[in-house]
Amino acid sequence: MAAKAHRVGMEVSIAVSHAVQLARAEAIAAYPITPQTHIVEHLSSMVANGDLEAEFVNVESEHSAMSACIGMSAAGARTYTATSSQGLALMNEIIFITSAMRLPIVMTVANRALSGPLSIWNDHSDIMAARDIGWIQIFVENGQEAFDHSVMAFRIAEDHRVILPTIINMDGFILTHVVEALEMVDQQTVDKFLPEYHPRFFLDPKRPVTMGAFAMPELFTECKMAHQMALTNSYGPILEIWKEWGKLTGRHYKPVETYRTEGAKVVLLLMGSLNEVAEVAVDELRDQGEAVGLVKIRMWRPFPFQDLREALAGAELVIVCDRALSLGGAAGPVLAEVRSALYPLAVKPAVIGYTIGLGGRDVQPEAFKEVVRLAQAEAATGPTAEFFLFGVRS
C-alpha cells in the first residue's frame, strides 16, 4: 500500500533540497552557479539552522566541490552536490575519477547551455559533453520526478551491487525555478526506503585501503572493463529500487516510457521536460487522426537498449529531438545512441533527427507538430541531411 503523502506547492529546486534532507545527507560541497544555486543555497540554510545534520563545505569552484565530495565520500559519508553548465565542465577532470573510484556521490545537474556565446538558459549540452564519465544518469521531466529521483538516487548509488555515483538531470529554469504541486513523503517513509549508509569501502587508518591507485598498461584495460560491467549491471538494481519506490508511493518509473504509442507509425523521442510539451502535440495530432506517439528516455546511462527497441517496435518513423548539438558530427548525442541501438535489427524504422530548443529557445506544441510534418516529408523522399537544426532564422 502506498504511503500517505501531503500535497504542497513548492519551487522544484527547494523540493530537491528537501529530498536531500529527507535522505539524511551527511556531507555537501558546492559552488553556486545559475540555475542550480537555489538547491545548495537552501541546503546551506538547513545546515546552518540545524534542520540537517551535515557538513556543508564552502569552496571556491566546482572543481574543488567535487574534489571535496570525493574526500568526504571516501571517508564514508553520504555525499551530495549540484552544479550546472560551466560548473560541470570545470568538474570534468574530477568526475571521471569519482566514478573510477566507485564513490556513490549523488549530484543534481540543472541542465544549461555551455558557453559560448554565454547563455544561462536550458538545453542539454552540459551533460552531453559529460555523457561518458561513467556515472549513472537519469533524466526527469517535472518537479515530482525530480523529488522522487533525488531520494532514489542515494539508494541506487549506495546499493552494494552498484556503488556508482549518480546524476539526476533536470532542465534549468524550466524546472528549477518553477513552483509545482508536489506530493511529498515524510521522514518515516524515506527512512523505511533508504537505510542508514554503510559504505562497502572507506578510508580507515585501522584498516588501510588504497583509492585512486596508479595502473600500468597491463591493468588499465581490465579496470575499464570492470567499470563498464559495473555500470551495465546497475540496470537490474535500478529497476528493483524504482519498483520498491512505486509500491511505497504509487509513483512508478521505467527506463523508457511511452505515451499514446498504440498503433503509432510515427514516434517522437525526447528526454527531459519538453516531453510534457510534446504530449500536447501528440494529443492534437491524434485528434486530427494521425497515428503519432511519444517515447521518453529516462535512463540515459546505462543506456536501455532492449527497452528502447521494444518501445519502438511497430514504428515506421522515429523522430529524435536532441537538446544538444554535436558540433562537426553526424548527429546529436541522443540520435546517435538511438541509431546505434536500432542498427542490429533486421527490421527497423527510419530515424530522423532534429536539434531543438538550444540555449533556452522556447519550444511550443506547434514546433513538434511542424517537426513531424518536416520529418514525414524527409522520410518520403529520403533524408537530405544527417540531422536538422530546427528553427534557424535566416
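Six strands make up an open sheet, ordered S9-S11-S10-S13-S14-S15, with mixed pairing. Strands and helices here are DSSP runs numbered from the N terminus, a strand being E over at least two residues and a helix being H or I over at least four. Two strands pair if DSSP finds at least two bridges between them. At the edges stand S9 (256-259) and S15 (388-389), each with a single partner strand, so one side of each has no neighbour in the sheet. Before going further, note that this is a predicted model: local features need pLDDT of at least 70, side-chain atom pairs count only at pLDDT 80 or more, and totals for chains, interfaces and linings use all residues. Residues are numbered from 1 along each chain as its sequence is written, and side-chain values use heavy atoms, with hydrogens and water left out.

Inside that sheet, S10 (residues 266-270) and S13 (residues 317-322) run parallel and are joined by four bridges. If you want a spot to look at, Leu 268 sits opposite Ile 319 in S13. Helix H11 (residues 274-287) packs on the sheet, where it touches S9, S10 and strand S11 (292-297). The direction of H11 makes about 165° with that of S11. Axes are lines fitted to C-alpha atoms, for helices over the stretch in contact, and angles between N-to-C directions run from 0 to 180 degrees. Contact, for its part, means heavy atoms within 4.5 Å.

Arg 260 lies in the loop between S9 and S10, and its phi is near 55°, a positive value in a residue other than glycine. For context, most residues other than glycine have a negative phi, and most peptide bonds are trans. At 32% relative accessibility, Arg 260 counts as partly exposed; buried means under 20% relative accessible area, exposed over 50%, and partly exposed in between (1.4 Å probe, protein chains only). Ser 85 also has a positive phi, of about 45°, without being a glycine. This serine lies in helix H4 (residues 85-90) and is buried, with a relative accessible area of 0%.

Now for strand S4 (residues 79-83), where five of the five residues are buried. Both faces are covered, with Thr 79, Thr 81 and Thr 83 on one side and Tyr 80 and Ala 82 on the other. S4 pairs with strand S2 (residues 27-30) in the parallel sense over two bridges, and Ile 28 has Tyr 80 as its bridge partner in S4. S4 also runs parallel to S5, joined to it by four bridges, and there Thr 81 stands opposite Met 107 in S5.

Follow S5 (106-111) onward and you reach the loop between it and helix H6 (125-128), which is where Gly 116 is placed. The peptide bond from Ser 115 to Gly 116 is cis, with omega near 5°. A cis peptide bond also joins Gly 116 and Pro 117, with omega about 5°. Pro 117 is likewise found in the loop between S5 and H6.

Tyr 80 turns up again in the largest nonpolar core, which has 54 residues. Such a core is a set of buried Ala, Val, Leu, Ile, Met, Phe, Trp, Tyr and Cys residues joined through side-chain atoms within 4.5 Å. Among the residues with the most contacts inside it are Leu 43, Tyr 80 and Trp 242. Helix H7 (residues 143-158) gives the most to this core, with eight residues. Leaving aside neighbours within four places in sequence, Leu 43 is in contact with Ser 17, Val 20, Ile 28, Leu 52, Phe 56 and Tyr 80. Another core lies apart from the largest one, with 49 residues, including Ala 65, Val 295, Ala 315 and Ala 341.

Leu 52 also touches Gln 21, as do Met 46, Asp 51 and Gln 187, not counting residues up to four places away in sequence. Gln 21 lies in helix H1 (residues 12-22) and is buried, with a relative accessible area of 19%.

Last stop: a helix pair. The axes of H9 (residues 217-233) and H10 (residues 235-249) come within 5 Å and cross at roughly 25°. H9 and H10 are therefore roughly parallel (under 35 degrees; over 145 is roughly antiparallel, 65 to 115 roughly perpendicular, and the rest oblique). Leu 231, Thr 232 and Asn 233 in H9 meet Tyr 235, Gly 236 and Pro 237 in H10.
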